[in-house]
Amino acid sequence: NARGDRILAALDDVAAQLNATPGRVAIAWLIARPSITAPIASATSIEHVDDLVSAAHLLLDQTLIEQLNQASEY
């Protein structure tokens, strides 16, 4: 749907700005959200594990968080 497309586009844009993968950005975004205690993710490859570990070290500034939050608004 349109909301999902906006979210994916924002993830791609932020990932390009940070030279990261959209998956890494998505997990970092969840980590940055105060209402989420612990994001739950699974990995089916070593590359996925690398993204999950790297996401814990990826710091999103307030501008990027707001970009992602706005894209996900209903």
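Predicted model: local features only at pLDDT ≥ 70, side-chain atom pairs only at ≥ 80, totals over all residues.

Modeller: Residues are numbered from 1 along each chain as its sequence is written, and side-chain values use heavy atoms, without hydrogens and water.

Biologist: How are two packed helices described?

Modeller: Two packed helices are described by the angle between their axes and the distance between the axes. Here the axes of α1 (residues 2–18) and α4 come within 8 Å and cross at roughly 165 degrees. Angles over 145 degrees count as roughly antiparallel, so α1 and α4 are roughly antiparallel to each other.

Biologist: Which residues of α1 and α4 make the contact?

Modeller: Contact means heavy atoms within 4.5 Å. Among them are Arg3, Ile7 and Val14 of α1, and Leu64, Leu68 and Ser72 of α4. By class, the contact of α1 with α4 has eight nonpolar, three polar and three charged residues.

Biologist: Is serine 72 buried or exposed?

Modeller: Buried means under 20% relative accessible area, and exposed over 50% (1.4 Å probe, protein chains only). Serine 72 has 12%, so serine 72 is buried. Leaving aside neighbours within four places in sequence, serine 72 is in contact with Arg3, Ile7 and Trp29.

Biologist: Where is histidine 57?

Modeller: Histidine 57 sits in the loop between α3 (46–55) and α4 (62–72). Histidine 57 counts as exposed because its relative accessibility is 64%.

Conventions
Helix = DSSP H or I, 4+ residues; strand = E, 2+ residues; numbered from the N terminus. Axes fitted to C-alpha atoms, helices over the stretch in contact; angles between N-to-C directions. Parallel < 35°, antiparallel > 145°, perpendicular 65-115°, else oblique. Nonpolar A, V, L, I, M, F, W, Y, C, P; charged D, E, K, R; others polar.
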